[in-house]
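User: Please take a close look at one part of this model, the patch of charge on its surface, and then go on to the aromatic pairs.

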Amino acid sequence: MAEMNEQEKGSSHVGETRESLSSLLCNKKRDFLIRNNGQKVKVEELEGKHVGLYFSAHCCPPCRSFTPVLSEIYKKLSEKGDFEIVFISGDRDEKSFDEYQHTMPWLALPFSDKKTRMKLNQAFQVVAIPFLVVLDRESRVITTEGVEIIKQYGVEGYPFNAERLDELRAKKEALRAAQTVETLLLSDERDFVLGHGGRKVPVAELVGKTVGLYFSAHCYSPCRNFSPELVEIYNKLLKKGEAFEIVFLSCDEEEKDYKEYYASMPWLALPFGDIAENNLCSYFRVKGIPTLIILGPDGKTLQTHAVHLIREYGIRAYPFTKERLDELEAEDKAKREAQTLESLLVSDERNFVINHGGAQVPVAELVGKTVALYFSAHWCSPCRGFTLKLVKVYNELKERGEAFEIVFISSDNDEEAFEGYFKRMPWLALPFEDETKKDLKRLFRVRGIPSLIVVGPDGKTSTDNGRSAVSTFGAKAYPFTDAHLKTLEEPGLSPSTMLILKRWRRKWKSCLRNHPCLAV
């Protein structure tokens, strides 16, 4: 939501009896509202109706996204004859107001009446937009959370009072207990999802399949980065004949972005702006995107965090059941217990790492050495800074003749960035496209970069905090065993704490050198 000025805060209470609509919306010189064609409508004509006061602005992207949703609700409710909406503009100029009002089928407070607009903002505590206040037939406040109610319940939320919301919450809980793919995706107006070219695919055709509900948006780079990975897995599963389907639920604000993004996807989709998207977002408590919800063949929810599972396990996570995840965790546990350098770095397709120019170096040649696995990326500024330190340590250890090697494991977004970054490094690397990277990040629980995992000559992990060890002790940290690092630490202090103290000491010495009282 777009923030409003602090001075616009006021007080408002649900159920509070207020002034008449005329005293709220009129002034001494004006007793009318306007339509987008210039028609004037007397405020007294709204008396006895439910009225929504819609605080919005053309300059606010969330407002522009919500307004089409509200328009659909308005068209359905206006047929009842007892509901109206009044647009209260937050725009800064009349041109923006006029342009925005032309997209609205309801009434508006004239833009020129700034005093009344400010009065309403203060009266209803409008601190963010879009904001929808709903008044009952006696002008009492039913709710100040009309935007969220409509996003969750659509036209079913009418008349937006507490009793109706309690009914809908009970209905939602009953729906959750009886959940199927049809109860989730069907609506009163639609019994299909869309394929490419506008093809209508009956929701009934998804029954009995494992279905992914993919909440994503073209405007958000993490979504654009994840989608190609999901496309690859989807295509592989279909090629294997698996009964699997995905339905795209767009979180984009503009239809052109939805269309452009969906063109890159091979699966199905809900129509843009479909109320079911907001309902499902609320139903599954989607807090961020990309989100992939997995429904089992019986329509029940298997996973709500499938994006994480795919990033961790790739296609091996399918069919996303608890039994399958237990198997994968057991495999990881067994792999850690039987860990060797070759079990970490060798795959069915590859038994080597690469040198500069793509030259292959057999992993067998690294066995018996201390090997550091360096998780890093060029786009990450802390990584670039740490790489300079690590190059210095690496060169010093090589000059000493230590049996030490580093393997770079890239988190770069493309191969060009990987190649450019790798050129600055004197060590080895995993090939950029290699799937082993994902397994290593999962096995060592790498949650951020740069990260330096050190594997000893026996193939077992010496330390998973090589970054702190290198930053604190430099080449002295070699061979990175717990026993050796403890000899370097001050009593009771870990390498991480030592690093913090080291930085403070450096700052303190600098302050002392530059202190005017100590100047020579």
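Analyst: In this predicted model, a patch of negative charge on the surface brings together Asp414, Glu415, Glu416, Glu419 and Glu433. One of these residues, Glu433, sits in the loop that runs between strand E21 (428-429) and helix H16 (436-443). Glu433 counts as exposed because its relative accessibility is 59%, and the cut-off for that class is over 50%.

The aromatic side chains come next. The structure contains 37 aromatic pairs. One of them joins Phe244 and Tyr318 in an edge-to-face arrangement, with 5.6 Å centre to centre and 75 degrees between the planes. Phe244 belongs to strand E13 (residues 244-250), while Tyr318 is in the loop between helix H11 (306-313) and helix H12 (322-337), so this pair ties together parts that are 74 residues apart in sequence. Phe244 and Tyr318 are both buried.

Strand E13 also supplies Phe248, whose partner Tyr258 lies in helix H9 (residues 255-262), so this pair ties together parts ten residues apart in sequence. The rings of Phe248 and Tyr258 are stacked, at 5.8 Å centre to centre and 10 degrees between the planes. Both Phe248 and Tyr258 are buried.

These two pairs have their residues in one cluster linked by ring pairs, whose members include Phe244, Tyr318, Phe248 and Tyr258. Also among the members of that cluster are Tyr214, Phe226, Tyr234, Tyr261, Tyr262, Trp267, Phe272 and Phe320.

Definitions and conventions
Residues numbered from 1 in each chain as written. Predicted model: local features only at pLDDT ≥ 70, side-chain atom pairs only at ≥ 80, totals over all residues. Heavy atoms only, no water. Patch = residues over 30% accessible without salt bridge, like charges linked within 9 Å, V, L, I, M, F, W, Y side chains within 5 Å. Areas by Shrake-Rupley, 256 points an atom, 1.4 Å probe, with all protein chains shown as cover. Salt bridge = Lys/Arg side-chain N within 4 Å of Asp/Glu carboxyl O. Lys, Arg positive; Asp, Glu negative; His and termini not counted. Charge placed at Lys NZ, Arg CZ, Asp CG, Glu CD. Helix = DSSP H or I, 4+ residues; strand = E, 2+ residues; numbered from the N terminus. Buried < 20%, exposed > 50% of the residue type's maximum accessible area, 1.4 Å probe, protein only. Phe/Tyr/Trp six-rings, centres within 6.5 Å; stacked < 30°, edge-to-face > 60°.
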